[in-house]
Every structure is written in structure tokens, then in C-alpha cells.
Amino acid sequence: MLNDNFMDVMQDDMWVWSKLSGIQWMDAWEERFYGNPNAVINVLKGGKSTRVEVYAETEQEVLDIQKQFGGSVRKLVHKNWAAMVEPDRPPIKIRSKMIVTQKRDAEARAELEKEFPGRHIVQIPADMAFGTGDHATTSNCLRFLVDVASELKKNGQRWDILDLGCGSGVLAIAARMLGADSGLALDFDPAAVTVAQRNVELNGQKFIDIGQADVLNWEPSRKYRVVVANLFSTVLQQAFPTIVESLEDDGYLIISGILKEQWPETQECAEEEGLVFSDVLTRGKWVSARARLG
């Protein structure tokens, strides 16, 4: 829900995107806007529909959401957007290798480096793109990524990463810190691309290319040792042929964004393309998995 200060202080103009949706899509909306403190999802009277709203400082931000998801856009006057306070969530510990924080300032990074010496510090402020690291789908991917990076290092193998549905860019940024030579991160949402580019700069990373692409219409120009795809299961099922085409023969695939009831069908589609799963992790209602070509 929105911060109380956001609703109480009256000063600047702002914009809101809203959309009515069936209750069966609530999980998808929660995942899409998870970590965004300016998103509100309400179940309407009767329990059969939801209203999804996202508040923004500029009209273009909400128009970008409307372009992707439909819905309506309207202007709200005299709301002080700047008075919003970012949620103070604790940092996320990924194995013994990495700390993910939503704090963006250099002082916060220095404090975490002191508190957790030897760990990589990834700063991903809550923003328009989901993937701050604390959603189960993203944190599971990060844990698998740490494991894969350790195996590759142990075997003396160099690697690059392809991140499909990159959201905030957290996975590509983490991969570079864990030893990837380079990364390509793609997302369908132009707002996510902008946020990911900003996060790459915030974390001082180089050799990560961020681009806008629809995985269902995208053709890989090369193969990657590690591919991560945190996408809705319906997209994953259609994208597996392209994903396999982008994966090296001895490469690693990490997938997430799959609801438990959608896992059997998703697994079947993946195995039809020659993928063999070595690890399947369920947290709450979400499934993440790790695979290689058989």
C-alpha cells in the first residue's frame, strides 16, 4: 500500500494508471509490481475483481504502463509525490556471497560493506520495475546464480549471462559481481529498461548491455553459458525453443516466475526441448528451477 505521507501532504501534481482485472490475475499483478511502493492492488466488493493502480510523477511513466497493459490514465492534482518515503526493508542475504539492499546512497553501501565484509553489495531501489530481490522469484534466481557461479569458478570456466525479462537488472548486475565477463539483459517493458540501465550505473558495473525486446519475437545472435529467465509461465512455455537456442551445450538455465499449479505443464514444455532439471525450489506459491541440456 501507499505510504501515509503520500496521501496526506498536498503540493505537487501526479499521475495514476489503473486497471480492473479478474481475481484470477491477482498473483500476476502482485508479482509484476512487487517492490514498487507506489502500486496499490485492491480486491473489489464481491471478491471477483481487483483494481490495480500505480502512481507516478510523470505522465509518461503511466502511459508506458498503459501501452503494455491497457487500462486508464488520469491526472491527480495537489499530491506531494516527493513526500513519499521508500520502504525501509532489511537487506536480503543471498548465501554467504551477496547482500541486496533497496537503499541507494553511498553511506548505506559503506555501512553494509562494514557489516558484511567480503560480500558483494547490490543496490536495487524499489522502482517501476519489479525485481528488487525480495520477491521469491528473484531471490530464488539469485541463490541459483550464486551456486552456478561457484561451480563455474571451481571448474575454471569463463562465462557470460543472458537475462530474459530483466526487470530491475538485479540478476545481470549480480552475475557480473559473481564473475561473469559480460551480460545481456532484455525486457519487454521500456520502463524496466530505463530502470535497469540506471541500476547498472548505480552499482558501478560495466559490460552489461540492456535492451528492449519481446522474447517471443527475439532471435539470439550468440549462445551463453548462463541463461536466466524470470518470466510468467505462459511466456516461458512459448519461449523455451528460443531459450534453448541461446544456451551453450554445457550451459546452465535458471527459470522462475512459475506458480505451483503451472509447474507440471511448464516442466513438460521444457523437457520437450531437451532440458533436464537438476533442482526445483518452491517458496510459497512460486516455483524456480535449474536445468541443463540433456
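A residue counts as buried here when its relative accessible area is under 20%. Keep that cut-off in mind while looking over this predicted model, because eight of the eight residues of helix α6 (residues 170-177) fall on the buried side of it, so the helix is largely enclosed by the rest of the structure.

- The buried residues of α6 are Val170, Leu171, Ala172, Ile173, Ala174, Ala175, Arg176 and Met177.
- Just after α6 comes Gly179, which has a positive phi of about 120°.
- If you skip neighbours within four places in sequence, Gly165 is in contact with Leu186, Asp187, Asn230 and Leu231.
- Gln212 is 47 residues from Gly165 in sequence, yet the two sit 9.4 Å apart in space, going from C-alpha to C-alpha.

**Arg290 in strand β14**

- Look for Arg290 in strand β14, which covers residues 286-293.
- This arginine is buried, and its relative accessible area is 8%.
- Setting aside residues up to four places away in sequence, Arg290 touches Asp147, Glu151 and Asp279, and also Phe144, Val148, Tyr252, Leu253, Val276, Phe277 and Ser278.

**Helices α8 and α9**

- Two packed helices are described by the angle between their axes and the distance between the axes.
- For helix α8 (residues 233-246) and helix α9 (residues 263-272), the axes come within 8 Å and cross at roughly 15°.
- Angles under 35 degrees count as roughly parallel, so α8 is roughly parallel to α9.
- The α8 and α9 crossing is left-handed.
- On the α8 side, the contact is made by Ser233, Gln237 and Phe240, while α9 brings Glu265, Thr266, Cys269 and Ala270.
- Sorted by class, this contact of α8 with α9 has three nonpolar, three polar and one charged residues.

- Strands β2 (residues 39-43) and β3 (residues 49-56) pair in the antiparallel sense, over five bridges.
- For one of those pairings, go to Ile41, whose bridge partner in β3 is Val52.
- Five residues lie between β2 and β3 in this hairpin, and Gly46 in the turn has a positive phi of about 105°.

Terms used. Residues numbered from 1 in each chain as written. Predicted model: local features only at pLDDT ≥ 70, side-chain atom pairs only at ≥ 80, totals over all residues. Heavy atoms only, no water. Buried < 20%, exposed > 50% of the residue type's maximum accessible area, 1.4 Å probe, protein only. Helix = DSSP H or I, 4+ residues; strand = E, 2+ residues; numbered from the N terminus. Contact = heavy atoms within 4.5 Å. Axes fitted to C-alpha atoms, helices over the stretch in contact; angles between N-to-C directions. Parallel < 35°, antiparallel > 145°, perpendicular 65-115°, else oblique. Left-handed = near helix turned anticlockwise from the far one by under 90°. Nonpolar A, V, L, I, M, F, W, Y, C, P; charged D, E, K, R; others polar. Pairing = 2+ DSSP bridges.
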